Amino acid sequence: MANPQSYVGSKISLISKSDVRYEGILYAIDAKESKVYLQDVRCFGTEDRRQEEPIPATDRVYNYIIFRGTDIKDLHVCEMPAPPQQPMQPMPQDPAIAGMGGGPQDPGYGMYGGDAQPGDQPDGKWT
């Protein structure tokens with residue numbers, strides 16, 4: 001059996017004992033507390049699983065939901081996580097470098113490197 005932590009980052013479909021289906025990205029598994037943590041979660045309701053008192057789907061995406069393992073009826077992996085990207089090369093040992101980002105995909109790229117502009121700084125000035 002694979003290590004449960006190896007599924008972190010996978011897209012998961014989970015059905016609760018209330019027959020409500022959820023889909024989200026596996027964030028963590030706490031075996032000791034018997035909990036499953038999903039992030040970016042959508043609720044699809046009971047769909048056709050429950051005829052009496054159906055629960056409708058919602059359009060809302062929840063940042064995260066923590067599920068009790070004892071209340072999970074079914075859980076399966078829809079998609080495995082994307083393979084990890086090539087690791088960033090180590091920072092050169094140059095005392096002139098105060099910081100470094102990964103490039104255009106790095107959220108700080110425009111702020112401190114690449115196509116940074118004076119207006120990108122919080123005070124609008126270069127320091």
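Reader: What makes up the largest nonpolar core?

Author: The largest nonpolar core of this predicted model has 12 residues in all, among them Val20, Cys43, Ile65 and Ile72. A nonpolar core is a set of buried Ala, Val, Leu, Ile, Met, Phe, Trp, Tyr and Cys residues joined through side-chain atoms within 4.5 Å. Strand 1 (11–16), strand 2 (21–30), strand 3 (35–45) and strand 4 (61–68) each supply at least two residues; strands are DSSP runs of E, at least two residues long, numbered from the N terminus. With 4 residues, strand 3 gives the most.

Reader: Why is valine 20 called buried?

Author: Buried means under 20% relative accessible area, exposed over 50%, partly exposed in between (1.4 Å probe, protein chains only). Valine 20 has 3%, so valine 20 is buried.

Reader: Where does valine 20 lie, and which residues does valine 20 touch?

Author: Valine 20 lies in the loop between strand 1 and strand 2. Not counting residues up to four places away in sequence, valine 20 touches Leu14, Ile15, Cys43, Gly45, Thr46, Arg49 and Ile55. Contact means heavy atoms within 4.5 Å.

Reader: Are cysteine 43 and cysteine 78 buried or partly exposed?

Author: Cysteine 43 is at 7% relative accessibility and therefore counts as buried. Cysteine 78 is at 35%, so cysteine 78 counts as partly exposed.

Reader: How many disulfides does the structure hold?

Author: The structure holds 0 disulfides, a disulfide being a pair of cysteine sulfur atoms within 2.5 Å.

Reader: What do the numbering and the values rest on?

Author: Residues are numbered from 1 along each chain as its sequence is written, and side-chain values use heavy atoms, leaving out hydrogens and water. In this predicted model, local features need pLDDT of at least 70, side-chain atom pairs count only at pLDDT 80 or more, and totals for chains, interfaces and linings use all residues.
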